[in-house]
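Colleague: I would like to learn how to read this structure. Please take the features in turn.

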Amino acid sequence: MNVVAGREALAVAFKLGGTVRIGAKAFEVGDLIVMLEAIRRTGSIKGFAETLGLSYRAAWNRLQACETALGRPLVRKTQGQGSELTEFGTTLAEAFALAASGVGASLERETRAIEHRLRRLLTGQAGALALAASHDPLLLDVLHAIPPEHGEIRLSVMGSSAAVRLLLAGGIDVAGFHCGALSPEQAEAPFSGVNTAAGFAVHRLFEREQGLLLAPGNPLGIRTLADLTAGGVRYVNRQPGSGTRLWFDRMLAEAGLAPARIRGYEVEEFTHQAVAALIACGAADVGLGVRAAADRLGLDFLSVGWERYYLAASRTLAAPVFDELIAAVGARAADIPGYRLAETDMH
């Protein structure tokens, strides 16, 4: 019996498939894509034959069968006795290439999902789950507390936009993100692409309170966003593409405040904790972040509202450690200031 021992021993590959049927004749989309690409790349029928491991005669017969069904020539001879695609063949190749690129990301996501299932079925063990997530103190605490024997989650901390783009491209299993006061459907791209119609399960992980992190005692008397433009106030920002930065920029636009009027707008940090640390050590006076970061470093906090934090993955992903993470975060969120339970998942 062949036993799959580890991640390297298991590989799944999905490709654009199906058939093209014209009248009574039908041929495989995959074969047509390979044929057109091989002829374009090698400039010869021989190159196409070698790519598929066919004899020259078999390759030539397959090409002729396609041309007959389509009623158009796909290839023409060149002066150097090679071959090239006709205008029709080139246009058809481009159409299939666009189709393949359009579904490629979905296939990558489903490939990852089926690999997780197969690995558990064949080995009884779960593979590492790739999670890219916007920074959150509660989420990090829970991840560190999950026992290794329950499964591995490989975390990459990045902005919400970057995490969602990776998920859409099929580069990770799970994305953790937030859109400020907006839902994914209300937010701009890439968040709007994460929905059930696109094959995702979107979990409302928790709600958290965001606000202005201020030096203890709020010595500068900051009460509104407009106060950030006062002389002597030093702001510390989050990086472009982070959910917090996007929310801050939306609030500035709604208030009619130009970023250039805020001293320190261009000073950027990559986590809530880093923003809080700069304020705590006196290097900055104010920044937008979660209440949990303010509480941990003894800062004042001026709330601007609550937001939902989401985890999104392919609807077909089955990973026990993922379910355990969701349950553990939910259990903790109800007991920590600045967090509260979210509503049920989006379906």
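Modeller: Start with two terms: contact means heavy atoms within 4.5 Å, and helices (H or I, at least four residues) and strands (E, at least two) are DSSP runs numbered from the N terminus. This is a predicted model, where local features need pLDDT of at least 70, side-chain atom pairs count only at pLDDT 80 or more, and totals for chains, interfaces and linings use all residues. Residues are numbered from 1 along each chain as its sequence is written, and side-chain values use heavy atoms, with hydrogens and water left out.

Colleague: Which residues in H2 meet H3?

Modeller: From H2 come Ile45, Lys46, Phe48, Ala49 and Leu52; from H3 come Tyr56, Ala59, Trp60, Arg62 and Leu63. By class, this contact has eight nonpolar, no polar and two charged residues (Ala, Val, Leu, Ile, Met, Phe, Trp, Tyr, Cys and Pro count as nonpolar, Asp, Glu, Lys and Arg as charged, the others, Gly among them, as polar).

Colleague: What describes two packed helices?

Modeller: The angle between their axes and the distance between the axes. Axes are lines fitted to C-alpha atoms, for helices over the stretch in contact, and angles run from 0 to 180 degrees between N-to-C directions. Here H2 (residues 45-52) and H3 (residues 56-70) pack at about 105°, with axes 9 Å apart. That makes H2 roughly perpendicular to H3 (under 35 degrees is roughly parallel, over 145 roughly antiparallel, 65 to 115 roughly perpendicular, the rest oblique).

Colleague: Which residues of H5 are buried?

Modeller: Buried means under 20% relative accessible area, exposed over 50%, partly exposed in between (1.4 Å probe, protein chains only). In H5 (residues 137-145) they are Pro137, Leu138, Leu139, Leu140, Val142 and Leu143. Of the chain's 347 residues, 44% count as buried.
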